Amino acid sequence: MIAIPYLTALSTYFSYGLLFAFGQLRDFFRKIVDWWRASTLDGYAPICLGLEDFYIRRLYLRIQDCFGRPISSAPDAWFDVVERYSNDNNKTLKRTTKTSKCLNLGSYNYLGFAAADEYCTPRAIESLKKFAASTCSTRVDGGTTMLHTDLEECVARFVGKPAAVVFGMGYVTNSAILPILMGKGGLIISDSLNHNSIVNGARGSGATIRVFQHNTPSHLETVLREQIAEGQPRTHRPWKKIMVIVEGIYSMEGELCKLPEIVSICKKYKAYVYLDEAHSIGAVGKSGRGVCELLGVDTADVDVMMGTFTKSFGSCGGYIAGSKELVQYLKYTCPAHLYAPNK
Ligand SMILES: Cc1ncc(COP(=O)(O)O)c(C=O)c1O
């Protein structure tokens with residue numbers, strides 16, 4: 001058991017409170033002073049969002065040395081953090097040549113492949129020499145190499161689905177795929193603690209979004225029943241399709257999804273299952289194949305299997321694995337495949 005550092009927690013909250021109060025006071029006086037000055041943007045609404053803008057100017061810039069520190073080594077269990085200094089009360093930070101060795105609690109390099117690895121590193125260097133770091137072209141315009149097709153076949157085989165498509169970024173995989181799969185007249189039922197990429201993808205889709213209590217199958221069933229009875233807003237027509245979105249392992253809580261229960265509820269109500277395995281693929285299951293392998297769920301019962309290469313695989317990018325028809329449809333319609341160059 002680790003003792004909770006109450007004093008540190010309290011003094012941190014107190015410091016935040018103090019900075020907040022002084023920030024508000026300074027903004028108040030600044031407004032009075034600026035009132036006399038003619039603004040060059042007279043009549044325009046502020047371009048930056050209110051509270052976020054205040055937080056950045058009055059709090060974050062003063063304490064930013066605690067965060068976002070550059071590193072100068074691979075993200076291994078220990079890494080080199082670059083030391084910085086400021087001459088203007090932390091508004092700007094300048095790098096020194098000094099580094100400190102720190103325990104890395106900030107990366108998700110679960111299997112250590114992102115650091116020097118005797119199998120991966122030489123192969124990565126070989127492919128860089130042969131194919132370069134980017135194709136400088138979209139997948140459909142000469143940006144597909146044999147590495148992409150090999151990778152897609154390998155991912156599909158590994159996760160146990162007929163086909164897969166890969167993207168240059170995990171975040172983009174969710175935020176660009178959901179608007180292709182769902183739209184007006186569709187219903188997304190999302191776990192309350194789903195990742196921001198899912199939240200933004202769902203919002204961008206134009207579908208109706210309902211949230212169920214984190215990892216609570218009984219609440220999911222309640223929401224499903226209510227929504228099916230209610231139908232689409234205003235017209236009350238039946239939903240065009242329903243998709244339930246969950247994660248294999250929740251990133252902030254480290255909690256395993258109750259996938260078997262969720263899958264059986266979705267089957268009962270004919271809702272599609274979208275499973276984000278960013279943190280579970282390569283990390284759990286007898287052979288690292290994720291939560292389906294760990295919890296004994298047939299991958300045929302999960303309609304869309306999403307995952308990223310940024311965690312266990314120590315690289316970058318994301319994938320969607322599913323039926324051949326689904327993957328072909330995504331390859332023909334998804335802007336992240338059609339218009340974004342691949343690494
Ligand atoms: C559940 C989940 N999905 C998607 C992503 C986005 O993946 P990436 O970091 O590879 O862009 C993350 C990132 O941590 C995540 O936790």
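Let me start with what I mean by a pocket: on a 1 Å grid over the protein atoms alone, it is an open set of points where a 1.4 Å probe fits, with protein on both sides within 12 Å along at least five of seven lines, and its lining residues have an atom within 4 Å of a point. Now, some housekeeping: this is a predicted model, in which local features need pLDDT of at least 70 and side-chain atom pairs count only at pLDDT 80 or more, while totals for chains, interfaces and linings use all residues. Residues are numbered from 1 along each chain as its sequence is written, and side-chain values use heavy atoms, leaving out hydrogens and water.

So, the largest pocket. Its volume is about 1,400 Å³, taken as the space filled by probe spheres set on the points, with grid points joined across faces, edges and corners. It is lined by 35 residues, and nearest its centre lie Ala124, Ser127, Leu151, Phe313 and Ser315. Two or more lining residues come from each of α3 (120-131), α4 (146-159) and β3 (163-167); these are DSSP runs numbered from the N terminus, with helices being H or I of at least four residues and strands E of at least two. Which element gives the most to this lining? That is α4, with eight residues.

On to the sheet. Seven strands form an open, mixed sheet in the order β3-β9-β8-β7-β6-β4-β5, where pairing takes at least two DSSP bridges between two strands. β3 and β5 (208-212) stand at the edges with a single partner strand each, so one side of each has no neighbour in the sheet. From one strand to the next, the twist averages 20 degrees; angles here run from 0 to 180 degrees between N-to-C directions, and axes are lines fitted to C-alpha atoms, for helices over the stretch in contact. Helix α6 (residues 196-205) packs on the sheet, touching β4 (187-191), β5, β6 (242-247) and β7, and its direction makes about 165 degrees with that of β4. Contact there means heavy atoms within 4.5 Å. Helix α8 (residues 259-269) also packs on the sheet, touching β6 and β7, at about 180 degrees to the direction of β6.

Finally, two loop residues to look at. Most residues other than glycine have a negative phi. Ala132, in the loop between α3 and α4, has a positive phi near 70 degrees. Lys270, in the loop between α8 and β7, has a positive phi of about 55 degrees. Is Lys270 buried or exposed? At 69% relative accessibility it counts as exposed, since buried means under 20% relative accessible area, exposed over 50% and partly exposed in between, with a 1.4 Å probe and protein chains only.
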